[in-house]
Amino acid sequence: MGRGHTEQEHTGQEHTVRDHTAPGHTDDPPHRVGALRTRRIPTDRLTVHVTDLRDHGDPVVFLHGNVSSSAFWHTALPRLPDRYRPLAPDLRGFGATDPLPIDATRGLRDHADDLAALLRALGIERAHLVGWSMGGGVVLQYLRDHPETVRSVTLVNPVSPYGFGGTHGVDGTLNSADGAGSGGGTGNPGFVARLAEGDRGADSPLSPRSVLAGTYVKPPWRPHPADEDAYVDSMLTTRTGDDHYPGDSVTSPAWPGTAPGTRGVLNSLSPLYFRLDDLHLIDPKPPVLWIRGEDDVIVSDTSLFDLAHLGALGAVPGWDGTPAQPMVAQTRHALARYAAHGGTVREVAVPDAGHAVHLEKPEAFMTALLEVLSV
């Protein structure tokens with residue numbers, strides 16, 4: 001798929017490219033994944049469930065997002081040429097990886113350290129990293145801690161480097177010192193209950209299938225039915241509770257009245273624990289591709305999962321004027337600093353795509369990915 005026109009040129013080596021791709025079709029057949037294999041890899045931290053294809057080639061590691069698993073990468077892995085070795089692990093608390101508890105006070109470092117242990121167990125010294133949504137945050141944390149082992153970084157609709165919820169401004173300033181507006185208390189109890197119940201239907205807007213169709217992708221696009229069933233099953237592998245999703249919480253005197261606890265997934269994404277203020281200082285600086293769907297409603301400057309934006313819409317009572325978190329602007333700010341300090345950053349904004357651009361626009365995604373892998 002050819003590249004569209006250059007929309008904006010930045011100083012340094014960062015630039016934005018608008019990638020014009022044809023719309024998806026709900027009746028497209030699924031990309032055949034018969035060659036995929038799954039296995040459990042013991043490491044010095046936990047046993048990790050991995051999907052891959054082969055044992056040779058340049059390693060490319062794909063990390064999934066929150067409330068999902070490696071299944072969301074199954075259609076992408078076989079598209080890589082034979083010179084690459086694609087691997088997609090399940091993060092702890094998702095899929096078939098050991099469901100060890102998540103220490104949220106470490107931010108996303110439990111996941112980043114699990115990744116480091118997996119690469120050690122496989123004898124992989126350097127790898128290309130691809131992270132979607134929360135997985136993008138894991139990739140950034142791993143890059144921050146182990147830059148010499150990273151060949152390239154691809155961020156797919158990533159969480160902001162300043163966490164999810166509870167901040168304002170491009171530099172991720174906390175709205176409240178206790179992180180109010182982020183963490184385990186921001187999860188929807190009805191959605192959590194349906195995950196725990198194993199709801200595979202679509203009779204409620206809080207059913208995982210409805211959330212997938214309405215927010216993971218941009219309606220009216222839908223995956224092929226067989227793929228959609230696999231994605232719903234993947235979402236239902238999410239472990240629920242205080243140690244996993246959504247995590248614990250504490251009350252706060254600041255609006256909206258909830259602040260992060262110390263355990264579980266949503267707390268690990270809180271800016272109280274996960275923020276990368278010094279990413280621009282790492283050395284070496286591998287090339288970074290940031291690809292995102294322009295119509296993402298999850299990671300957005302007006303996210304439908306940000307209580308501050310929902311408050312402005314009247315969906316959360318008592319809104320006190322707290323501004324929405326500018327998630328995309330924050331990522332752009334952090335990556336611009338990375339570029340200004342000698343890194344190479346390319347931003348690809350894909351029209352008519354939502355949060356799962358790799359599913360909705362696979363040709364555009366793969367074209368951009370192969371370019372950064374070949375740098």
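The buried residues of helix 1 pack against strand 3 (37-42), strand 4 (47-52), strand 5 (58-63), strand 6 (84-89), strand 7 (127-132) and helix 2 (134-145). Helices here are DSSP runs of H or I with at least four residues, strands are runs of E with at least two, and both are numbered from the N terminus. "Buried" stands for under 20% relative accessible area, "exposed" for over 50% and "partly exposed" for anything in between, with a 1.4 Å probe and protein chains only. The model is a predicted one, in which local features need pLDDT of at least 70 and side-chain atom pairs count only at pLDDT 80 or more, while totals for chains, interfaces and linings use all residues. Residues are numbered from 1 along each chain as its sequence is written, and side-chain values use heavy atoms, with hydrogens and water left out.

Helix 1 is mostly covered, with eleven of its 14 residues buried. Among them are Asp-110, His-111, Asp-113, Asp-114 and Leu-122. Just past the end of helix 1, Gly-123 takes a positive phi of about 70°.

On a 1 Å grid over the protein atoms alone, a cavity is a set of points where a 1.4 Å probe fits but cannot get out, a pocket is an open set with protein on both sides within 12 Å along at least five of seven lines, and lining residues have an atom within 4 Å of a point. Volumes are the space filled by probe spheres set on the points, which are joined across faces, edges and corners. The structure holds two cavities of 30 Å³ or more. The largest has about 90 Å³ of space, and its lining includes Val-48, Leu-63, Asp-90, Arg-92, His-111 and Asp-114. That lining divides into seven nonpolar, two polar and three charged residues. In this scheme Ala, Val, Leu, Ile, Met, Phe, Trp, Tyr, Cys and Pro are nonpolar, Asp, Glu, Lys and Arg are charged, and the others, Gly among them, are polar.

The second largest cavity comes in at about 50 Å³. Trp-255, Pro-256 and Asp-306 are among the residues that line the second largest cavity, whose lining has five nonpolar, four polar and one charged. Trp-255 and Pro-256 are joined by a cis peptide bond, with omega about 10°, and Pro-256 sits in the loop between strand 13 (249-251) and strand 14 (258-260).

The largest pocket has a volume of about 850 Å³. Of its 36 lining residues, Thr-186, Phe-191, Tyr-245, Leu-304 and Phe-305 are the closest to the centre. Helix 4 gives the most to this lining, with five residues, and helix 3 (189-197), helix 4 (208-216) and helix 7 (307-312) each supply at least two. The pocket lining counts 20 nonpolar, 15 polar and one charged residues. Tyr-245 also takes part in a cis peptide bond, to Pro-246, with omega near 5°.

Elsewhere, Glu-347 in strand 16 (residues 345-350) is buried, at a relative accessible area of 0%. Its side chain makes polar contacts with the side chains of Arg-292 (2.9 Å) and Arg-332 (2.7 Å). A polar contact is a pair of N or O atoms within 3.5 Å; within protein, one must be able to donate a hydrogen and the other to accept it, and residues adjacent in sequence count only if both atoms are side-chain atoms.

Gly-172, in the loop between strand 9 (167-168) and strand 10 (173-174), is likewise buried, with a relative accessible area of 0%. Neighbours within four places in sequence aside, Gly-172 is in contact with Tyr-162, Thr-167, Arg-275 and Gln-330, contact being heavy atoms within 4.5 Å.

Val-67 has a positive phi near 50° and lies in the loop between strand 5 and strand 6, buried at 4% relative accessible area. Ser-133 has a positive phi of about 60° in the loop between strand 7 and helix 2, and is buried at 10%.
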